[in-house]
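Please read the following with the sequence and the model side by side. The text starts from a single residue and widens to the whole chain.

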Amino acid sequence: MLLAAEAQALGRGGITQVAHAAGVSRPTISRGLAELAAPNAGGRVRRRGAGRKRSEERDPALLADLDALVDPATRGDPMSPLRWTGKSTRHLAAALQAQGHRVSEWVVCRLLHEADYSLQAPVKVLEGRRHPDRDAQFGYLNQQSTASLAAGLPVLSVDTKKKELVGAFKNGGREWQPTGEPERVNVHDFPEQVGKAIPDGVYDVGRHAGWVTVGQDHDTASFAVATSGRWWTVVGKPAYPQADRLLICADGGGSNGYRTRLWKVELQRFADTSGLLVTVCHLPPGTSKWNKIEHRLFAHISLNWRGRPLVSHEVIVNLIGATTTRTGLTVQAERDLGSYPTKVPVSDEEMAALHLTPHAFHGEWNYTIAPGSMPAAL
């Protein structure tokens with residue numbers, strides 16, 4: 001078409017001149033003149049249907065075989081070529097080539113995007129066996145929390161954060177450092193003599209404030225209640241001088257689980273010491289991620305210390321205490337040097353002596369412990 005335009009501009013004899021100068025045949029220039037005269041001149045270069053066919057057009061079985069490889073239903077197929085292999089585009093292309101298809105990983109990538117596939121990480125949504133009263137318990141817990149907050153009483157969300165290795169170990173995340181000067185940490189994550197740190201937290205829902213005790217012994221019910229007791233002494237009593245009761249929202253399992261006898265015995269001691277009516281509402285089994293402390297306190301602590309080695313308990317305490325958010329979260333933290341032995345027995349007599357009143361709705365999950373006389377020690 002370019003040569004034809006030149007020949008057209010030259011006028012009579014232009015075809016011969018351009019053919020001689022460009023070293024092409026006269027029929028080629030004549031076809032160009034015909035295309036210039038066509039109504040869609042300047043549009044498509046190739047005629048419709050011309051050019052190399054797409055892989056899926058030349059190989060009708062390609063799409064079906066690719067879909068069979070990436071379809072989630074094939075994960076349990078012991079005969080799948082990618083049963084034990086990561087499904088990267090390179091591996092998918094190799095598996096298709098082994099089936100006789102002529103395809104590259106770039107073609108596989110294009111086909112996946114056109115078929116509305118995308119790279120996705122697993123999402124934690126399966127909660128195991130769903131309790132029939134799961135939603136009802138959430139509703140009951142919300143009613144209790146709303147009533148306590150309206151009355152100006154403390155509502156606490158409690159839990160223990162993941163244990164952390166103390167020492168020069170790699171911590172997930174990145175932090176700004178001079179180029180080529182990253183923080184040096186150990187190659188292996190073998191525990192050092194310093195041991196582990198056990199952050200146990202209390203999130204005050206009404207005040208949007210956190211309290212974290214960093215222990216070093218064991219994550220037991222005694223340690224969990226000691227954290228709540230310490231919060232009440234240092235923060236809660238001054239902040240709620242008129243409070244005669246408090247509400248604790250806890251997970252369904254672990255050191256503060258509803259089946260843990262020692263948890264209830266230690267709460268009785270806390271009630272005796274503080275003079276408070278202690279109401280506990282547990283989250284339904286398998287729903288710990290909905291505990292407010294997880295996403296309103298612990299998540300921000302993890303963000304604050306990302307990329308920093310937790311070289312000592314003091315560093316951990318300082319990093320936790322420096323955690324803030326734009327929504328006004330404040331956190332206080334301190335270290336607990338106490339000893340909390342495991343496997344502490346609790347007798348039936350001690351359980352019978354508890355001043356515990358189950359609620360009408362799921363009394364195993366919802367109960368109130370009143371102050372009373374309890375033995376000084378087990």
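L112 counts as buried, at 13% relative accessibility; buried means under 20% relative accessible area, exposed over 50%, and partly exposed in between, with a 1.4 Å probe and protein chains only. L112 is part of helix α7. Helices (H or I, at least four residues) and strands (E, at least two) are DSSP runs, numbered from the N terminus. This is a predicted model, in which local features need pLDDT of at least 70 and side-chain atom pairs count only at pLDDT 80 or more, while totals for chains, interfaces and linings use all residues. Residues are numbered from 1 along each chain as its sequence is written, and side-chain values use heavy atoms, with hydrogens and water left out.

Not counting residues up to four places away in sequence, L112 touches L66, V70, T89, L92 and Y117, where contact means heavy atoms within 4.5 Å.

Two packed helices are described by the angle between their axes and the distance between the axes. Helix α6 (residues 89–98) packs against helix α7 (residues 105–114) at an angle of about 105°, and their axes are 8 Å apart. Axes are lines fitted to C-alpha atoms, for helices over the stretch in contact, and angles run from 0 to 180 degrees between N-to-C directions. The helices α6 and α7 are therefore roughly perpendicular to each other; angles of 65 to 115 degrees count as such, those under 35 as roughly parallel, those over 145 as roughly antiparallel and the rest as oblique. From α6, the residues T89, R90, L92, A93 and L96 meet E105, V108, C109 and L112 of α7. The residues of this contact divide into six nonpolar, one polar and two charged. In that division Ala, Val, Leu, Ile, Met, Phe, Trp, Tyr, Cys and Pro count as nonpolar, Asp, Glu, Lys and Arg as charged, and the others, Gly among them, as polar.

In the loop between α7 and α8 (134–150) sits D116. Its phi is near 70°, a positive value in a residue other than glycine. D116 is exposed, with a relative accessible area of 71%. A positive phi, near 45°, also occurs at H362, again a residue other than glycine. H362 is placed in the loop between β8 (356–358) and β9, and at 17% relative accessibility H362 counts as buried.

Which residues have the most contacts inside the largest nonpolar core? They are W231, L246, I248, W263, L267 and V278, in a core of 29 residues. A nonpolar core is a set of buried Ala, Val, Leu, Ile, Met, Phe, Trp, Tyr and Cys residues joined through side-chain atoms within 4.5 Å. Two or more residues come from each of β1 (155–160), α9 (221–239), β5 (245–250), α10 (261–274), β6 (277–282) and β9 (366–369). Apart from this core lies another, of 25 residues, including Y203, L247, L283 and W305. Leaving aside neighbours within four places in sequence, the contacts of W263 include V158, A224, I248, S255, V280 and Y367.

Strand β1 also holds T160, which counts as buried at 15% relative accessibility. T160 and A224 are 64 residues apart in sequence, with 7.5 Å between their C-alpha atoms. Beyond its neighbours within four places in sequence, T160 is in contact with I198, P199, D200, D219, S255 and F298.

In the loop between β2 (164–165) and β3 (196–204) lies G180, exposed with a relative accessible area of 63%. The C-alpha atoms of G180 and G32 are separated by 60 Å, the two residues being 148 apart along the chain.

As for the whole protein, there are 13 helices and nine strands. The radius of gyration is 35 Å, well over the 21 Å that the globule rule gives for 378 residues, so the protein is more spread out than a compact globule. That radius is taken over C-alpha atoms, and the globule rule is 2.2 Å times the number of residues to the power 0.38. The C-alpha trace spans about 120 × 50 × 45 Å along its principal axes. Of the 378 residues, 37% count as buried. Among contacts between residues at least 6 apart in sequence, 69% join residues at least 24 apart.
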